[in-house]
Amino acid sequence: MPSPIEKSQFATLRIFIVNDSPSDRSTYTRWIERTASFPLDIQEMETGAQALEACRIISPHCLLLDSQLPDMTGLEFLAKIRVPHSNSKTPIIFLTGYGNEEIAAHAIKLGAQEYFNKNTLSEKLLWHHIEKAIEQFSTIHRILALEHQSSIILQSSSDGILVIGHDGLIRFSNPAAEQLFQRTSEQLIGSPFGFPVPVNRTTEIEIMSAPGQPTPVEMRVVPIEWDEEYAYLASLRDVTEQRRAEEERRRHEIERQYSQKLESLGVLAGGIAHDFNNLLMTIVARSGLALRGLPPDSPARKHLDFIEKAGLRGGELANQMLAFAGQTRLDFQVINLQKLLEDMTPFIRATISKRLRFEHDPAPSLSPIRADQAQLRQIIMNIVVNASEACGEGDGVITIRTREWQPQTENFQNWYVLGELPEDRGIALTIQDTGCGMTSDTIPKIFDPFFSTKLPGRGLGLAAILGLAQAHAATIAVRSQPDVGTEFTLLFPATTSSPSTTKKPVFSIPTQDASLTKKPVVLVVDDEEDVRMACSMIFEEMGLQTLVASDGEIGIQVFQQYQHEIMVVLLDLTMPNMDGQEFLEHIQSLNATIPVILSSGYSEEEAMKRFHNPKMAAFIQKPYQVETLIAKVEEIWHKHTTSSDPSL
């Protein structure tokens with residue numbers, strides 16, 4: 001069997017023999033050379049000073065030291081070579097000519113690996129103890145190296161490491177654990193761990209740091225032996241960022257799913273609103289025509305007037321559906337939110353229950369925002385009405401407050417958030433009530449169309465504000481607690497511009513008094529028969545001739561036949577076979593100057609997005625009153641006759 005040294009890493013074994021007897025040195029050299037089976041570097045030295053100098057230059061793998069040297073004793077040599085902080089770890093075999101247990105103990109204490117009486121030493125025994133000393137030195141060296149490496153790993157680990165005794169007291173802690181507990185090693189060691197220790201399992205605990213903020217920690221415990229006792233090694237990993245990232249991913253996934261649902265509902269709502277407006281168009285137009293044909297004292301006038309107004313209110317509901325779908329036209333202006341809320345305060349007080357107290361908590365100063373004033377009022381009133389209903393018939397408080405918002409001061413971590421939080425400062429509008437509140441599971445549902453915690457199918461109140469908020473680049477944040485109340489916060493991007501004081505010009509709709517000098521032709525292209533008939537009756541009352549077409553293909557045929565007589569085209573946006581866009585491209589290739597009024601249930605802005613043609617004379621949104629259509633046509637006819645007659 002190969003010796004331990006032969007299996008070691010030494011290519012050449014270096015041995016120093018320090019002895020004042022040349023014959024002893026020669027004997028030891030001969031014995032070693034005969035026993036070893038690999039290269040050797042044996043150096044003989046007579047004095048301790050020679051040996052100390054040689055060890056300073058290069059350390060041997062083993063040193064044979066005589067107890068008596070010419071310049072010092074062996075014990076004095078040991079004391080010099082093993083001084084504190086010395087790098088010399090050479091295995092030393094101490095040899096003496098007489099047995100003395102006291103000297104032996106002293107030599108071992110000073111750092112000798114072995115002690116022998118030269119008179120009992122043999123060739124085989126010498127080599128055996130050289131091997132043993134070197135192997136012992138190598139083992140100790142490896143152990144120390146491993147301990148050093150383990151210490152580096154433990155001290156530099158980002159995970160907290162604790163050793164917990166079987167009595168539940170902490171025996172060891174690394175810097176990461178001290179950071180987690182916000183306590184020093186001296187404070188931790190000897191103190192109770194305070195948590196269950198499930199062996200070979202991964203669990204989660206919460207550590208309360210000094211400021212009182214709980215830190216979620218993932219803990220893995222395995223059994224170990226520590227100081228010859230049964231103990232536990234607990235690895236603690238701070239998962240705060242991981243949980244935050246998971247929560248952020250979950251929030252984005254919920255928002256993504258919700259956005260997809262809203263997009264689908266928006267398409268549905270937009271389609272329903274379009275068809276609904278076509279039906280309302282017939283109701284409003286027919287009732288308007290009937291009103292125009294009745295004498296002022298007719299008893300039927302009040303019924304028709306009610307029908308016309310009901311149709312227009314139905315159009316408002318359709319516009320709410322379009323608002324939910326994000327398809328409303330917004331007139332953005334720079335608005336002073338404080339002034340808007342002050343103007344709305346009397347109306348809000350009149351709207352909510354008399355048993356509720358309304359409080360307005362304005363910020364001392366507030367930057368303006370860009371918004372559509374009418375739609376912003378609608379957003380505020382929808383939330384206020386919802387808050388009033390949440391308070392029921394009892395007493396309560398509704399508070400509206402405004403403030404400048406900074407992303408560093410509040411992250412809305414515990415709120416349900418729709419939209420992205422502004423990266424820069426914003427304006428926060430908060431509406432808070434002391435009503436019945438909601439559970440966290442209910443909050444995401446409140447923006448669903450017709451969802452209500454009170455009565456089923458109440459309307460589009462909160463659902464409608466989503467499209468409006470998105471159009472304003474606003475973020476909605478909600479938090480609520482049962483029996484405590486609810487808070488809605490809207491974050492608007494701030495603007496540096498001052499609110500404009502100029503008023504937009506008011507457009508005055510012409511009356512029917514203006515008479516036409518001839519009977520021009522109007523082409524009505526709409527897929528709804530009731531709409532075509534109602535428009536035909538309106539134009540006939542105006543003294544115009546009417547041509548009708550149920551889709552774009554038929555409309556092109558009619559236009560090609562009568563294009564020289566047609567003075568204006570009333571065109572529906574959405575039709576089967578050929579829609580309004582394709583129809584317009586065809587007729588403009590025949591007559592590029594023909595005036596076209598685009599008609600749609602969508603808002604003008606949304607219709608123009610769908611209708612990629614800027615050459616429109618006018619737009620009219622369904623349902624519209626008789627007078628509105630008459631005014632549009634007379635306006636276009638006036639422009640046409642003015643441009644064609646230079647003398648006018």
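**Exercise 1.** Determine which elements cover the buried residues of helix α15, and state where on α15 these residues lie.

*Solution.* Step 1: the elements that provide cover include β19 (521–525), α14 (552–562), β21 (566–572) and β22 (596–600). Helices (H or I, at least four residues) and strands (E, at least two) are DSSP runs, numbered from the N terminus. The model is a predicted one, in which local features need pLDDT of at least 70 and side-chain atom pairs count only at pLDDT 80 or more, whereas totals for chains, interfaces and linings use all residues. Residues are numbered from 1 along each chain as its sequence is written, and side-chain values use heavy atoms, with hydrogens and water left out.

Step 1: within α15 (residues 580–590), the buried residues are G580, Q581, F583, L584, I587 and Q588. Buried means under 20% relative accessible area, exposed over 50%, and partly exposed in between (1.4 Å probe, protein chains only).

Step 2: these residues cover an arc of only 160° around the axis, so they lie on the same side of α15. The arc is that of the directions from the helix axis to the C-beta atoms.

**Exercise 2.** Describe the largest nonpolar core and the contacts of I348.

*Solution.* Step 1: a nonpolar core is a set of buried Ala, Val, Leu, Ile, Met, Phe, Trp, Tyr and Cys residues joined through side-chain atoms within 4.5 Å. The largest such core has 43 residues, and those with the most contacts inside it are I348, I380, I400, F447 and I476.

Step 1: helix α11 (residues 373–391) gives the most to this core, namely 8 residues.

Step 2: contact means heavy atoms within 4.5 Å. Apart from neighbours within four places in sequence, I348 is in contact with F358, I380, M381, V384 and I400.

Step 3: a second, separate core of 25 residues includes L289, V531, L544 and V633. In soluble globular proteins, nonpolar side chains tend to be buried together.

**Exercise 3.** Is I379 buried or exposed, and which residues does I379 touch?

*Solution.* Step 1: I379 is located in helix α11. With a relative accessible area of 1%, I379 is buried.

Step 1: if residues up to four places away in sequence are not counted, I379 touches I465, L468, A469 and L490.

Step 2: I379 and L490 are 111 residues apart in sequence, and their C-alpha atoms are 9.7 Å apart in space.

**Exercise 4.** Identify the partners of strand β16 and state how many of its residues are buried.

*Solution.* Step 1: β16 (residues 426–433) is mostly covered, with 7 of its 8 residues buried.

Step 1: two strands pair if DSSP finds at least two bridges between them. Strand β14 (residues 396–405) pairs with β16 in the antiparallel sense over 8 bridges, and T402 stands opposite L429 in β16.

Step 2: β16 is also joined by 8 bridges to strand β18 (residues 485–493), again antiparallel. The bridge partner of I427 in β18 is F492.
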